[in-house]
Amino acid sequence: MAELLELTVAEAAARIAATELSAEEYFAAWQAAAAGDQLNAYLYRVEHPVDHQAMDGPLGGIPVAVKDIFCTEGSPTTAGSRILEGYRPPYTATAVRRLDAAGARVLGKTNMDEFAMGSSNENSAYGPVLNPWDRGRVPGGSSGGSAAAVAGGLAPCAIGTDTGGSIRQPASLCGIVGLKPTYGAISRYGMIAFASSLDQCGPLTRDVTDAALMLAALEGRDPCDSTSVGIEGGIVTPSREDLKGLRFGVPGELARDSFEPGVRAVFEATLARIEELGGEVAEVALPSAEHGISAYYVIAPAEASSNLARYDGVRYGMRSEQAADLLEMYESTRAEGFGVEVKRRIMLGTYALSSGYYDAYYGQAQKVRTKIAEDFSTAFGAVDFVVTPTSPSVAFGLGEKTDDPLSMYLNDFFTVPMSLAGIPAISIPAGLAAPEGGGAELPVGFQIAAPAFAEQKLLEAAYALERAVGFAARPGGGDG
Amino acid sequence: MAENAHDLEAVIGLEIHVQLATRTKMFCGCELSFGDAPNLHTCPVCLAHPGVLPVVNEQAIRYALQIAAALECEVAPRSIFHRKNYFYPDSPKAYQISQYDIPIAGAGRLGDVRIHRAHLEEDAAKMVHVGESGRIHGSGASLVDFNRGGTPLVEIVTEPDLRGAAEAAEWARLLRETVRQLGVSDVNMEEGSLRVDANVSVRPAGSERLGTKTELKNMNSFRFLQRGVEAEIERQRELIAAGGTVEQETLHFDPASGSLTSLRSKEEAHDYRYFPEPDLVPVAPTEQMLREAREALPELPAARIERYVGMGLAADVAATLAADPATAEFFERTDAAAAGAESRTVANWVTGELAAALRQGDAEVTAAESKVEPEALAALVAMVQEKKISHGSGKAVLVVLVAEGGDPAAIVEREGLAQMSGEDGELEAIVAAAIAANPEAAEQIRAGNGKAIGAIVGAVMKETKGRADGGEVNRLIGEQLGT
């Protein structure tokens, strides 16, 4: 049975399609694995046998761990928040429906930072997720449960959402592949909104091929999401073996001392691999990128303050018992239902949109956003990809940054600019490095960003690089 | 400085919410309804479940473009939606999706009033407060019916071009008629598919500067609109005349008591924290959509009134006809068939004699629905004009036409209503008999009292059953009495 769990999604799907492997047996093996979750990766697991009818398709018989931010009809969906405790949606998210149509089945719902706000998964109302490489460390966030499940052998693949790095950063910290597609590539319908102009669904997988397989199933225009367009031409399995003729831009603004020495060493080594494969490494300018975090922490909270206003206790989810009138019902429900980080961002966002402050904050942040998008446009005139480390550090310790929100926000320094520009970016595991304070080596992610809707090209390059890097380390599951 | 109340001129602008009669809601596929069981027409989108997204109703865009065309508004090539944030149970998302700085329709005009803008938005759900007061304060519980939530609305905002309460109500009627004839809304004020708010201020007559305005909310009939605005103008005039100043506030007019109560002051105004709705893309109507909206326009009341006045109709008759396209159409067909008669005369028959005959009939039908064919009415008008029958006989024939339809000439024949001419001497004999039967009246006429002629004319008309021509009767009486 353990052998079954070693198969990649592509391998398992091929064997199931060839009837060399029973979909029932494969799914049951993963159900058993998921049941052994010691990472708090799952908030809900599908324990009954699933309907294996109509499981034909490119993902036929594949179990998928789904971040608890996607609505799944009739089964619990909390977005990691107390305020949605007991909520069972009356409908299913388009992304999940598309996976289902491709033959995949939901294995369970994964833990996450409350409403996707966080970089460590410590903001979940249902407890933190532990990093399978070192259970004293965080898995990253906000899709921490999805990343830990895939890295920890609790799911063959997962989907998550990325608003400012929430797929790429946990993928990096857990040593797996995480892809944030172009904004608009995958429908957001049924994906609980955090920051609507930034949120995007994407896969977390063991390798690039699996990411491509999942993206192929997920992408597409959805009549229920006016901002979705899909990817023209679709996605095929990547096969490129070299990087000849491709130019990789390293932002000149990337201060090499802004990230850990171990991360820097892996980053430099990966650049060398690119050159070995025939790729060219050049410097590019992204002069506005350094303002990305500031702009992001205005725009995302502003949209969140509006998106989260619907959780008022009137129609579904939690309702405070403490209320004497309508205003008290709103106030108590939200005071009891939301966690500290969510409240912080609602207040930030409400302030940023207030009459008299809008231009100075939200308006200004949108201008920065436009500048960053223009920076990337200009850069892509000279190079094919922009590359950075995914995260400034390897996985940090539980509780290490919870008292310092700004330090926590800086985790997104390398991932936020791509979100603001709406372009695709992938994090692939590139090596191991010891944390700054010493200890066992931990995974380091390498981020590659491409122009909007150039996912196929991005996946081809990531595939070639992945083969060359040959990252084969697996978490030992130590407890710190 | 106190001013004389009557030197103060009223300045009024209107904001009109029109519920569009699309099949489905503004941002989801739920059917529109009025009067169905509560919360029957809801879905995850209009109940604002987590994760849902709005999708713009294309029919609502088309209807808004028709309204824009009817009001001669400039259409924005790319208009955008904003979120208007506020907490209240009638707003399940806690924001209303509305248009803000770039509405679908900009400057336009209807009649003498300039349109400032018209924009698309969604209606709120309906709240029912349980308890005697019927308002949220003091009620034991509040219920929300989401059937109405998400109904497409077009909000039309005028420039402050109106100068009186009656004028405001009259213009609002023209707007309602215009929107009704577009077929894009039921425009029923009692059911709330047309809702009018008024912005009212006063200023010294002749001044260019606007005074501080107040907003009167939701008057649910034209009569209440007029009375509410009248009351508010009066209140502001008295306030200023007494040396006071008008405070910017939102007022509720209670038609039962005629009183105005403050809903909220400027200080209590919401900060709606508007920002562009990230879930929607801009509305960019295609050339074809714009063309179709223009081509779908019927001739609207304002244009029809203008054309009819040009044909010589009195303004009030023209307005009466224009308010009902089917009757206007009936008039035009009659006018075309009545070659010899002036349009003005035909119009007067349609809005006067025919309307009266229809009112007398059993069923409530309009001219167009009645058994009276336009050609029949035209023939009847011609017979009266050519003095083949008297005007009174004409009215009698109309009553028969309303009841049975048919050819007026045949009815005249059948009922023996043909006008008596003076030629065969029959009328002369009847006049002579009437004079003989009314010697006192005859005496008075000879003495110069012209009014006394009525008694003799009446007697002749009675004898002839109205078939005699009044002018001819008068002439014969004068001839026989030597006056």
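Which residues have the most contacts inside the largest nonpolar core? I looked this up before anything else.

**Conventions.** I am working with a predicted model, in which local features need pLDDT of at least 70 and side-chain atom pairs count only at pLDDT 80 or more, while totals for chains, interfaces and linings use all residues. Residues are numbered from 1 along each chain as its sequence is written, and chains are lettered from A and ligands numbered from 1 in the order in which they are written.

**Cores.** I took a nonpolar core as a set of buried Ala, Val, Leu, Ile, Met, Phe, Trp, Tyr and Cys residues joined through C-beta atoms within 7 Å. Buried means 20 or more other C-beta atoms within 10 Å of a residue's own, exposed means 12 or fewer, and partly exposed is in between, with C-beta atoms placed from the backbone. The largest core has 268 residues, and A:Val64, A:Ile448, B:Ala64, B:Ile67, B:Ala68 and B:Ala118 have the most contacts inside it. Domain 1 (5-294) and domain 2 (299-415) of chain B both contribute residues, so this core lies between them; the bounds come from an automatic or database domain assignment. I also found a second, separate core of 14 residues, with B:Ile430, B:Val431, B:Ala441 and B:Leu476 among them.

For B:Ile67 I listed contacts (C-beta atoms, placed from the backbone, within 7 Å). Not counting residues up to four places away in sequence, B:Ile67 touches B:Ala118, B:Val154, B:Val179, B:Leu182 and B:Val184.

**Helix 12 of chain B.** Helices are DSSP runs (H or I, at least four residues), numbered from the N terminus. I noted B:Leu427, B:Ile430, B:Val431 and B:Ala434 as the buried residues of helix 12 of chain B. They cover an arc of only 100° around the axis, which puts them on the same side of the helix; the arc is that of the directions from the helix axis to the C-beta atoms. On the other side, B:Ala429 and B:Ala436 are exposed. The cover over the buried residues includes helix 14 (453-464) and helix 15 (470-481) of chain B.

**A:Thr333.** I placed A:Thr333 in helix 10 (residues 326-337) of chain A. Is A:Thr333 buried or exposed? It is buried, because 22 other C-beta atoms lie within 10 Å. Leaving aside neighbours within four places in sequence, its contacts are A:Asp312, A:Gly313, A:Met318, A:Arg319 and A:Ser320.

**Chains A and B.** I recorded 35 residues of chain A in contact with 24 residues of chain B.

Definitions and conventions: Helices (H or I, at least four residues) and strands (E, at least two) are DSSP runs, numbered from the N terminus. Two residues are in contact if their C-beta atoms, placed from the backbone, lie within 7 Å.
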